[in-house]
Amino acid sequence: MKVLVIGTGAREHALCRSLSQDPAVGELHCAPGNAGIARLATLHPVDQLDGAAVTALAVELGADLVVIGPEAPLVAGVAEPLRAAGIPVFGPGKEAAQLEGSKAFAKDVMAGAGVPTARSYVCTTAAEAAEALDAFGAPYVVKDDGLAAGKGVVVTEDRAAALAHAAACDRVVIEEYLDGPEVSLFAITDGTTVLPLVPAQDFKRALDGDLGPNTGGMGAYTPLPWAPEGLVEEVLETVLQPTVDELRRRGTPFSGLLYAGLALTSRGTRVIEFNARFGDPETQVVLARLRTPLAGVLLAAANGTLGELEPLRWSEEAAVTVVLASEGYPADPRTGDPIEGLDAAEADGTAFVLHAGTRAGGDGEVLTAGGRVLSVTATGADLAEARAKAYAGVARISFKGAQHRTDIALKAAQ
């Protein structure tokens, strides 16, 4: 197979890493990619939001499968011209991708599907926002209706801060606060069959102890030793399958990766949000445990034959990933600094490094090029071992102003 992956981040690096290990993959390409992905795939400088350019590249390469990693190309409709050209695509079309592109659309789909979620109001004026905040009370949850790269949500006890966030957005969803731990559950679907992956947990806040501003994610781990038995089966039955069925009923079938962000509340499991693609950094740990070759699974989803596959095989090991972010992230990330220790972090084979915000400099240097720079990932017999290996890898890497959380998977490992 010739596979083309679209995207630039650590999620795409994780996808490329798994695809490169699949014996069925003969050629691997990525557009536009990053400095780490360049070691695994041929890079192409194509605008990932330009559907015509992506399609032209896929046709030129003779791609057997295109995997669209990030949400922005999906919401922009990049999948449509690829499908029109007869190329199998892993990722939903533009209308189905509104499940992530619009929080209000997602709430409407959940209502139609009977999916349990937080009560909410869609607000477009300051007066509506103030009324909704007062209806629910603190803690206040305000979500930008559109795409915000994982940083469009404010959860705060400060009513003024909640109103300010609402005022900065064209349209917001204000909802009741959901208590309890959060779980990320991915499912691969062809629009009919739904194949859940293993659950993971990520860490959204920038600082230890879940303090500081929201980020795109500072680390993740799997499995979840504290998760209730039967959680995956419950979510498949009450959330994932009904959502896929509802979208198909509406004439906007969803094929690709359906990501349910869940809260295990005192009143039962509730959906916080849906995403229309693999989550970052959870993908890094979930794929680290997947033993079934990835390309065939993604191709089956693209071709509508997921129901013919055998059950997925998983490693019994645990996996932990720790994000190394640049100075100033998430508000004002510093870029352009050389990164030291990348080879040393992987030298003994205990950890592997996935690039997020990097670019190639001169003389073989790798430079920082984004807020989240690297995901250092490791597996182990249990979470404690995987965690120790990941942090050992982190300790070998340095760049100016590098920051990371020190408590990823700490409670779960104890």
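The structure is a predicted model, in which local features need pLDDT of at least 70, side-chain atom pairs count only at pLDDT 80 or more, and totals for chains, interfaces and linings use all residues. Residues are numbered from 1 along each chain as its sequence is written, and side-chain values use heavy atoms, with hydrogens and water left out. The protein chain holds 14 helices and 22 strands; these are DSSP runs numbered from the N terminus, with helices being H or I of at least four residues and strands being E of at least two.

**Overall dimensions and packing**

- Along the principal axes, the C-alpha atoms occupy a box of roughly 55 × 45 × 40 Å.
- Buried residues make up 56% of the 414 in the protein chain. Buried means under 20% relative accessible area, exposed means over 50%, and partly exposed lies in between (1.4 Å probe, protein chains only).
- Of the contacts between residues at least 6 apart in sequence, 68% join residues at least 24 apart, where contact means heavy atoms within 4.5 Å.

**Surface and charge**

- The chain has 33 positive and 53 negative charges, and their mean positions are 2 Å apart. Lys and Arg count as positive and Asp and Glu as negative, while His and the chain ends are not counted. Each charge is placed at NZ of Lys, CZ of Arg, CG of Asp or CD of Glu.

**Aromatic pairs**

- There are 5 aromatic pairs. Rings of Phe, Tyr and Trp (its six-membered ring) pair if their centres lie within 6.5 Å; planes under 30 degrees apart count as stacked, over 60 as edge-to-face and the rest as tilted.
- The ring centres of Y121 and F136 are 5.3 Å apart and their planes stand at 40 degrees, so this pair is tilted. The pair links distant parts of the chain, 15 residues apart, with Y121 in strand β6 (residues 120-123) and F136 in helix α7 (residues 126-136).
- Y121 is partly exposed at 42% relative accessibility, whereas F136 is buried at 18%.
- F90, F186, Y259 and F278 are linked into a cluster by ring pairs.

**Helix α1**

- Helix α1 (residues 10-20) is largely enclosed by the rest of the structure, because 9 of its 11 residues are buried. Among the buried residues of α1 are R11, E12 and H13.

**Backbone features**

- The peptide bond from A138 to P139 is cis, with omega near -5 degrees; P139 lies in the loop between α7 and β7 (140-144).
- A cis peptide bond also joins D280 and P281, with omega about 25 degrees. P281 lies in the loop between β17 (268-275) and α10 (282-289).
- D363, a residue other than glycine, has a positive phi near 55 degrees. D363 sits in the loop between β20 (358-360) and β21 (366-368) and is exposed, with a relative accessible area of 84%.
- A409 is not a glycine, yet its phi is positive at about 65 degrees. A409 lies in the loop between α13 (383-395) and α14 (410-413) and is buried at 1% relative accessibility.
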